[in-house]
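Here's a quick walk through a two-chain model, starting where the chains meet and then moving to a few local spots. Keep the viewer open as you read.

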Amino acid sequence: MIPARFDYHRPDSVAAAVGLLQQHGDEARVVAGGHSLIPMMKLRMAAPAHLVDLQGIAALRGIEAGDRIRIGAMVTQSEMLAHAGLAEAAPILAEAARQIADPQVRNLGTVGGNVANGDPGNDLPALMLCLDATFTLEGPEGVREVAARGFYEAPYVTAREEEEILTAVGFDRPARGFAYEKQKRKIGDYATAAAAVLIGAEGGRVVSASVAMTNLADVPVFSAAAGEVLLGSDCGEDAVAAAVDAMQGDIDPVEDNRGPVEFKRHVAGVILARAIARAWSRV
Amino acid sequence: MKDLPDSEERRANLKGLGCARKRVEDARFTQGKGNYVDDIKLPGMLFGDFVRSPYAHARVKSINAEAALALPGVIAVLTAKDLEPLGLHWMPTLAGDKQMVLADGKVLFQGQEVAFVVATDRYIAADAVELVEVDYEDLPVVVDPFKAQAPDAPVLREDLEGVTEGAHGPRRHHNHIFTWEQGDAAGANAAIDGSEVIAEETIYYHRTHPCPLETCGCVASMDKINGKLTLWGTFQAPHVVRTVASLLSGIDEHNIRVVSPDIGGGFGNKVGVYPGYVCSIVATIVTGKPVKWVEDRMENLMATAFARDYWMKGRIGATKDGRITGLHAHVTADHGAFDACADPTKFPAGFFHICTGSYDIPVAYCAVDGVYTNKAPGGVAYRCSFRVTEAAYFIERMIEILAIKLGMDAAELRRINFIRADQFPYTSALGWEYDSGDYHTAWDKALKAVDYEGLRREQAERVEAFRRGETRKLLGIGLTHFTEIVGAGPVKNCDILGMGMFDSCEIRIHPTGSAIARLGTISQGQGHATTFAQILASETGIPADKITIEEGDTDTAPYGLGTYGSRSTPVAGAATAMAGRKIRAKAQMIAAYLLEVHDDDLEWDVDRFAVKGAPERFKTMAEIAYAAYNQAIPGVEPGLEAVSYYDPPNMTYPFGAYICVMEIDVDTGEHEIRQFYALDDCGTRINPMIIEGQVHGGLTEALAIAMGQEIAYDDMGNVRTGTLMDFFLPTAWETPNYQTDWTETPSPHHPIGAKGVGESPNVGGVPAFSNAVHDAFRAFGLTQTHMPHDHWRIWRTARDLGLHG
Ligand SMILES: Cc1cc2nc3c(=O)[nH]c(=O)nc-3n(C[C@H](O)[C@H](O)[C@H](O)COP(=O)(O)OP(=O)(O)OC[C@H]3O[C@@H](n4cnc5c(N)ncnc54)[C@H](O)[C@@H]3O)c2cc1C
């Protein structure tokens, strides 16, 4: 519970932060809210010699909620939850954020940290896949945009280069039907299974559908197949069953204290069916 | 004649027995101003930290501390070799076994203490721990107590090789600790075999952990000038710790002062003596500097005392109309690597033989086999009297299972078999003398309060709706009627390391009519400073607000056996009342002198002695106290003080009726507690608000244990639940609303009739929650499934019953 020794830096610009990352190479890590990184340091599973704190960088804050939505990396999960513009433009954000841990964690944990962390247990990555978000990365070579759906490679391994900082997430105003459904053992727990669903409808038929799952593989899972089978349907029993089947082909859960694989698959199916039903009820 | 306040008003002013007085402790706790062990900071203080074994069973081939010692700020690295010359590399346990302080040649559980690093700074100590190189050779691991008894099972305790006689009788296998039996085996078997209906089942009460919010720790400080050792620590029994520290260290007992400051919850976890305490004492003696050791959460969960881990095989017989004919129990008790159970010496399985519960069972037998495995030692009473929660869970499950066999309603089966009110004092088949009870009244009140008949109707309709495919949720009604046995205990058969389990109170009344009372117990959240003042207020007529209660400092408090097993009110509470009565007896003599009447002409009236028949002639306790200090009264010593050491004549037997109504989602395994009704009878009620608080807390721990909390190991002996991510501690979110109720059946032998309540809700709550889960599936053929009932296990039950289609 006592971390190893480290030096602490608090730059006031992204450029300065990138400079520190360049200077210290793989000995440096950025810290945002610290609610994933610091527990790992206390367990000595991470021991960066240099911590680069992003709290002093004003440019990483701010929320834009127009047709295109943009959330700065250092916006906290609580700020995202409380933002009136976001509640109107993309209510799925608040529904998901409310299910992250507890208020203490959300008051410090950031949106950028949650998506950059690369932990399949985090809730926001699947949400970003569902939203087809883009991540803005800034590094020594400048700024680039990466699609969330191409970002997650392996546990804690992402398309972000070591010297890059994730500065914002952005996505188009999503479809009206939404749901983030999560089963967990208790407050403060990661998902046993969670599903993010967005559905657009016209004339009682699905015209767009997007499905992503949390903590059911070693990376967050975007299930294109599940979305496709819903297209054109009325989200009736058969369509939902087909979507669940399709999703089962994309997940790959492992056994842990939350339960064995068979259980997780069963729950994933139940959770997705519920999420689809709720999203459909809101279109 | 001036207007006398009426005696009821004066009584209310005392805030004595029965008053829902607010807890006086809370002003500091709710402001973050408590003073815990980790708040103690002394000049020059050093910090200790452990190198712990990553293996569950391994030989320690070598320990190299060179790199650690080279780190600036590291003062020492202690190993078993350093402790051996002092005879401190092993220490006795409370259960008559011995335990390694630091690994002596091998390690026997994951997290075992291997070396103790002492440094000038907490961070340096942690860094140095990483630098100590230990060379291990792993050995075969046994985590299953049944496999541990196989003929070819690995020998865990090589130190006991060839020892065939343990502290509690013969050992029949190298991993066997003791067999302990009670009752009439032949009689019980014959009665059951001849019964019309027999139910048989194995009931596992899984391993869990008390997990107090504050972990264990201490600060040891040796003053080399005056030779005095002071030890602040998280101790539930500070006086016993002083005696043990003296016996182990050879320091005279008067030169040791043990202080338990504020304690952030104990629940049994802080009864034992841990290697951290011993190493800190050695380190302060060696360095002459104060040494602090405070374990972290993972260490607490992995290495300090666990609870339960009982495999209970039961047989119960009955007539076909439901009269129980006999009970037979055999327990395989997994004690881990050392037998460090915290029980009174003569009771290696605690009071498990209370397992006949609330029922009039004519003949019974129980036997417990203690077994060594590669798990952490412990086996403490986690918010219950010694092994009583295991016993209550066992009998309350057996009753449910018997009800299924009989095709009978489980509430009715209980009613048929309850010990009747006119049978008290009642001697059970396993030898306990129950002091008082009125189970039928409590039971009927409980059933009525929840509209039991209505619930059963709703449940039957739900089953039908489920079968028609209209719902995926089942309804469970969890019943429990428990009988606790608390207040250990009579010195004639209860002791801890030879110390009789009496307790004590010492009172001083100050000249201006306020008072201080010191007790041998120590509060860890129970609110002693509030309730003991109330007992004394009613006994002495001094308002509770003018009485200071102090505990936990062995230099000032009288000797007592501490706080666990719900013993504080039954034993120290009794001592308090008795000491108060001594004060009153002396006060009566003083009042008689002041009023110039004979002692016998006076009568006690709330807060004063008044002349019989002339209530306007009186002396208040405050006036009497003043006189005790400023007048020469012939034949009476000055001052107003009293001490009482109370040896209880019997245990007390609180009881209660709990009903839990639970919704279960068969697809996800999630549950929702719709209603929880808890009726407690703890005898005389001292402070209803504190009782309610204790019941809420205990029920929440029971919820945790029944529904998810466990210490789980994999086959390699790795702890799988070493953090609060996996070890379930409920927050407000998971905690349901509780509906509390009561009946009041005083204990006939306790001076004020009180029985103790802090642990009842854990004892009764676990079976209530668990029975609700079982009951939900009763219509589909479930008889027994083991706790904890977390999502995936409930889901598995539903799957195995074919409920997933
Ligand atoms: C008890 C508890 C329960 C939790 N439960 C949940 C839960 O249910 N669901 C959930 O989603 N999360 C949960 N979390 C995690 C929480 O949401 C974290 O806040 C989040 O995962 C990380 O965000 P952070 O701002 O705290 O990042 P940090 O911990 O500071 O950083 C996390 C990682 O991301 C990197 N990083 C951070 N910001 C950036 C950036 N802008 N650019 C590049 N790299 C960056 C860091 O270097 C580090 O490797 C829980 C945490 C705790 C302590």
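Chain B and chain A bury about 2,300 Å² between them, and carbon and sulfur atoms give 56% of that; buried area here is the accessible area (1.4 Å probe) that two parts lose on being put together, summed over both. Met725(B), Trp792(B) and Trp795(B) supply 26% of what chain B buries against chain A, more than any other three residues. This is a predicted model, where local features need pLDDT of at least 70 and side-chain atom pairs count only at pLDDT 80 or more, while totals for chains, interfaces and linings use all residues. Residues are numbered from 1 along each chain as its sequence is written, chains are lettered from A and ligands numbered from 1 in the order in which they are written, and side-chain values use heavy atoms, with hydrogens and water left out.

The contact (heavy atoms within 4.5 Å) draws 26 residues from chain B and 24 residues from chain A. There are 4 salt bridges between the chains, each a side-chain nitrogen of Lys or Arg within 4 Å of a carboxyl oxygen of Asp or Glu. One of them pairs Asp127(B) with Arg44(A), with the closest N and O atoms 2.7 Å apart. On chain B, α5 (122-131) and α19 (791-800) each put at least two residues on the side that touches chain A. Helices (H or I, at least four residues) and strands (E, at least two) are DSSP runs, numbered from the N terminus. The largest share of that side, 5 residues, belongs to α5(B).

Now for some local spots. Thr304(B) sits in the loop between α9 (297-303) and β17 (306-318) of chain B. Is Thr304(B) buried or exposed? At 3% relative accessibility, Thr304(B) is buried; buried means under 20% relative accessible area, exposed over 50%, partly exposed in between (1.4 Å probe, protein chains only). Its side chain reaches the backbone oxygen of Asn300(B) at 2.8 Å. Beyond neighbours within four places in sequence, Thr304(B) touches residues including His209(B), Cys216(B) and Tyr274(B).

| Residue | Phi | Relative accessible area |
|---|---|---|
| Asp132(A) | near 55° | 40%, partly exposed |
| Cys211(B) | about 45° | 3%, buried |

Asp132(A) is in the loop between α8 (124-131) and β6 (134-139) of chain A, and Cys211(B) is in the loop between β12 (197-208) and β13 (217-223) of chain B.

Chain B also has a cis peptide bond from Phe424(B) to Pro425(B), with omega near -10°. Another cis bond joins Met787(B) and Pro788(B), with omega about -5°, and Pro788(B) lies in the loop between α18 (760-778) and α19 of chain B.

Terms used. Polar contact = N/O pair within 3.5 Å; in protein donor to acceptor, adjacent residues only side chain to side chain.
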